[in-house]
Amino acid sequence: MKEKLQRFMVGRYGFDDLSRIFLGITVACMAASLFTRNQTLYLLGLALLIYSYFRSFSRNIEKRRQENQRFCNFRYQRVVKWNKWKERQAQKKIYRFYQCPQCSQNVRVPKGKGKICITCPKCQFEFIKKS
């Protein structure tokens, strides 16, 4: 049986990150519909399951690869933004953050120094703010 499945999958795309996410959402929707008796959650889960298997059995490998790449790029951007936000929250106790009025570059200055002249590292514009 395993050999037959392997022969069937030759030339097909298979499961990737996007398919796994869809399957996870499917399980969550099905479980939620089981407890809430919500028909729309069940239909959404069923549609995602069908689409996930459609993607996995597809022979249009390049199109599925591009879909997965767009998803991975989107997820990577979200992770980078989340990590920057966490880092900034950790630094809020020590530093203040200002935007340059000319180029909108974020500038970090130490807290508790009173009024200081801040020079933007990008455009060299000077502005005065209270730290």
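This is a predicted model: local features need pLDDT of at least 70, side-chain atom pairs count only at pLDDT 80 or more; totals for chains, interfaces and linings use all residues.
Local features need pLDDT of at least 70, side-chain atom pairs count only at pLDDT 80 or more, and totals for chains, interfaces and linings use all residues. I number residues from 1 along each chain as its sequence is written, and side-chain values use heavy atoms, with hydrogens and water left out.

Next I checked the overall form. The radius of gyration of the protein chain is 25 Å, while a compact globule of 131 residues would have one near 14 Å (taken over C-alpha atoms; the globule rule is 2.2 Å times the number of residues to the power 0.38). The C-alpha atoms fill a box of roughly 75 × 40 × 25 Å along the principal axes.

I then listed the secondary structure and found four helices and four strands (DSSP runs numbered from the N terminus: helices are H or I with at least four residues, strands are E with at least two). Along the sequence the pattern is α-α-α-α-β-β-β-β.

Last, I noted the buried residues of H4: Arg64, Glu67, Asn68, Phe71, Cys72 and Gln91. These pack against helix H2 (17–36), helix H3 (39–57), strand E1 (95–99) and strand E2 (106–110), where contact means heavy atoms within 4.5 Å.

How values were computed: Buried means under 20% relative accessible area, exposed over 50%, partly exposed in between (1.4 Å probe, protein chains only).
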